[in-house]
Amino acid sequence: MNHFIQAYLARKAHVLFGLLMSIFMIAPLLAVVPISFSSGTFLSYPLPGLSLQWYERVFTSGPWMQALSNSLWVGIASTLLATLLGTLAALAFARRNLPAASGMLGLLISPMIFPPVISGLGMYFLFGKLGLTGTLFGLILAHTVLATPFVLISVAASLQGFDMTLLKAAAMSGASPVRAFAGIALPIIAPGVISGALFAFMTSFDEIVVVLFIGGPSQRTLPRQMFDGIRDTIDPSILAMSTLLLLVGIVGLMTTTWLTLRAQRNARQLKEQ
């Protein structure tokens with residue numbers, strides 16, 4: 001009896017600890033939301049009143065909208081490139097016939113391991129010699145390098161349960177490699193591809209260190225605009241845009257979680273069949 005009581009108390013303690021840690025991590029993020037509706041000009045509690053003036057300020061034409069536009073363009077372009085490259089790389093590793101596969105995998109995921117300052121400094125010197133610093137194309141390439149490992153890992157995990165003989169059977173039936181992949185493999189690993197793409201977009205949309213190194217005045221992204229705003233003058237308009245970023249992160253996290261659960265459910269159904 002004592003054993004069952006101890007196990008029950010241990011489970012409740014784990015749940016309580018998880019809730020407390022969640023509150024500890026999420027509460028500072030949620031604290032910025034009410035201040036973004038403040039009618040005052042300072043970041044302080046209690047709020048003097050409620051107003052949408054700061055949202056009106058950031059969503060009217062100006063530096064905030066230009067920064068948001070740059071972030072969206074760079075994020076979408078780098079996500080498309082990273083999704084393509086990461087998916088192809090994961091498919092190559094899934095075939096299990098690459099020489100020095102472990103070394104190549106470590107090289108491809110190294111942007112996730114190295115500190116962003118090291119990556120930004122290296123890209124600054126390399127892109128400077130290539131004439132890509134201060135250009136939108138250079139920024140897209142840099143974010144593609146940073147985002148591709150997330151797609152590679154996500155798609156590689158989806159391919160773990162994929163039977164590669166299906167592609168061989170399609171090839172023997174006369175299907176081209178592209179058609180076989182699009183018609184057989186892609187529908188099965190689609191949740192992993194979409195999850196990787198979401199992680200890639202969030203990586204690009206939230207990145208600031210590399211932008212500080214290689215971005216010019218006309219490539220000012222949203223995190224760069226927020227960083228400059230905090231350094232110069234702090235007002236609730238920064239928190240209004242922070243609330244937008246928080247919503248984007250929540251939507252991305254919920255979508256990724258839903259796709260992961262869906263992929264696990266599909267995998268269980270395939271095993272049962």
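## Helices α8 and α10

Helices α8 and α10 are roughly antiparallel to each other, because the angle between them is about 160° and angles over 145 degrees count as roughly antiparallel. Their axes lie 8 Å apart, and α8 passes α10 in a right-handed crossing. The model described here is a predicted one.

On the α8 side, the contact is formed by H143, L146, A147, F150, V151, S154, V155, S158 and L159. Helix α10 contributes I189, G192, V193, S195, G196, A197, F199, A200, T203 and S204. Sorted by class, the residues of the contact of α8 with α10 comprise 11 nonpolar, eight polar and no charged.

## Helices α4 and α10

Helix α4 spans residues 63-94, and helix α10 spans residues 177-205. The axes of these two helices come within 8 Å and cross at roughly 140°; α4 and α10 are therefore oblique to each other. The crossing of α4 past α10 is right-handed.

From α4, the residues in this contact are L68, S71, L72, V74, G75, I76, S78, T79, A82, T83, T87 and L91. From α10, they are F181, V193, A197, A200, F201, S204 and F205. The contact of α4 with α10 holds 12 nonpolar residues, seven polar ones and no charged ones.

## Helices α4 and α8

What is the angle at which the axes of α4 and α8 cross? The axes of α4 and helix α8, which covers residues 136-159, cross at roughly 40° and come within 6 Å. Helices α4 and α8 are therefore oblique to each other, and α4 passes α8 in a right-handed crossing. The contact of α4 with α8 includes 19 nonpolar and seven polar residues, with no charged residues.

## The two domains

The protein chain is divided into domain 1, residues 62-234, and domain 2, residues 240-272. The C-alpha centres of the two domains are 18 Å apart. Their contact involves 11 residues of domain 1 and 12 residues of domain 2.

The size of an interface is often expressed as the accessible area lost when the parts come together. Between domain 1 and domain 2, the buried area is about 1,000 Å², and carbon and sulfur atoms give 87% of this area. Which three residues supply more than any other three of the area that domain 1 buries against domain 2? These are P191, L198 and M226, which supply 38% of that area.

Technical notes. Residues are numbered from 1 along each chain as its sequence is written. This is a predicted model: local features need pLDDT of at least 70, side-chain atom pairs count only at pLDDT 80 or more; totals for chains, interfaces and linings use all residues. Side-chain values use heavy atoms; hydrogens and water are left out. Axes are lines fitted to C-alpha atoms, for helices over the stretch in contact, and angles run from 0 to 180 degrees between N-to-C directions. Helices (H or I, at least four residues) and strands (E, at least two) are DSSP runs, numbered from the N terminus. Angles under 35 degrees count as roughly parallel, over 145 as roughly antiparallel, 65 to 115 as roughly perpendicular and the rest as oblique. A crossing is left-handed if the near helix is turned anticlockwise from the far one by less than a right angle, and right-handed if clockwise. Contact means heavy atoms within 4.5 Å. Ala, Val, Leu, Ile, Met, Phe, Trp, Tyr, Cys and Pro count as nonpolar, Asp, Glu, Lys and Arg as charged, and the others, Gly among them, as polar. Domain bounds come from an automatic or database domain assignment. Buried area is the accessible area (1.4 Å probe) that two parts lose on being put together, summed over both.
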